[in-house]
Amino acid sequence: MDQAAEGIFGFMLGKNADKIIARAFPEPGHSLSFEHVMFAELDGVVIGMSSSFTGEQHRSFSEEPLSRAAGRSALRMCCVEVLLWPLWRILNTVAERDFYLQGLAVESDQRGSGIGKVLIADAEERARHGGASRFCLDVSEKNEVARKLYASRGLVVSSRWPGSKLLPTLLVRMTMDLPVKLNRAE
């Protein structure tokens with residue numbers, strides 16, 4: 001997850017970020033929970049992952065599992081969240097019926113092999129199955145490879161952050177409307 005977030009979790013949780021996230025992972029009800037993660041494996045080895053959830057789920061999340069798993073690093077986590085509050089509040093702009101791809105990562109030696117496309121297709125299918133009206137994600141402005149991958153799946157840039165002409169763009173929100181599935185009686 002830290003790779004997908006370009007190091008933000010390592011910054012937020014410190015050198016033990018991987019261990020902290022692993023301790024929180026089995027607990028439900030937060031954004032880094034097993035409930036929202038899909039893994040891609042090759043010969044029993046994880047080579048990719050995606051994490052996604054609805055806007056409605058996001059509003060119900062608790063920070064408690066991650067804080068508990070962080071132990072002494074919880075203070076650092078809180079300080080970084082305050083420092084980066086403008087960035088964190090972007091998640092609050094995900095509409096209730098949107099399906100948000102929080103992160104996607106593929107092992108460097110597997111990139112270009114189609115794993116990312118499979119993980120995105122899986123997230124899109126879960127979004128459609130769950131009745132989401134839109135699929136969305138935020139990606140670093142400088143991550144051209146990821147932006148091209150998402151564009152190839154039909155996502156388009158819908159906003160940029162910060163939205164100021166005085167500051168450089170850091171993140172790009174990409175979205176794709178999902179067709180409403182109608183159930184027909186045969």
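Helix H7 is followed by Gly131, whose phi is positive, near 80°. Helices (H or I, at least four residues) and strands (E, at least two) are taken as DSSP runs and numbered from the N terminus. The structure is a predicted model, in which local features need pLDDT of at least 70 and side-chain atom pairs count only at pLDDT 80 or more, while totals for chains, interfaces and linings use all residues. Residues are numbered from 1 along each chain as its sequence is written, and side-chain values use heavy atoms, with hydrogens and water left out.

Helix H7 covers residues 115-129, which makes 15 residues. The expected span of a helix is 1.5 Å times one less than its number of residues. For H7 this gives 21 Å, and the end C-alpha atoms are 21 Å apart, so the two values agree. An α-helix has 3.6 residues a turn, so residues three or four places apart point the same way.

The structure holds eight salt bridges, a salt bridge being a side-chain nitrogen of Lys or Arg within 4 Å of a carboxyl oxygen of Asp or Glu. One of them joins Arg68 to Glu27, with the closest N and O atoms 2.4 Å apart. This pair links distant parts of the chain, since Arg68 lies in helix H4 (residues 64-70) and Glu27 in the loop between helix H2 (17-24) and E1, 41 residues apart. Arg68 counts as partly exposed because its relative accessibility is 46%; Glu27, at 26%, also counts as partly exposed.

Arg68 forms a salt bridge with Glu64 as well, the closest N and O atoms being 3.2 Å apart. Both residues lie in helix H4, four residues apart, or about one turn of the helix. Glu64 is partly exposed, with a relative accessible area of 42%.

A further salt bridge, at 2.9 Å from N to O, is formed by the side chains of Arg160 and Glu141. Here too distant parts of the chain are linked: Arg160 is in strand E5 (residues 156-161) and Glu141 in the loop between E4 and H8, 19 residues apart. Arg160 is partly exposed at 43%, and Glu141 is partly exposed at 25%. Through shared partners, salt bridges join Glu27, Glu64 and Arg68 into one network.

Conventions. Buried means under 20% relative accessible area, exposed over 50%, partly exposed in between (1.4 Å probe, protein chains only).
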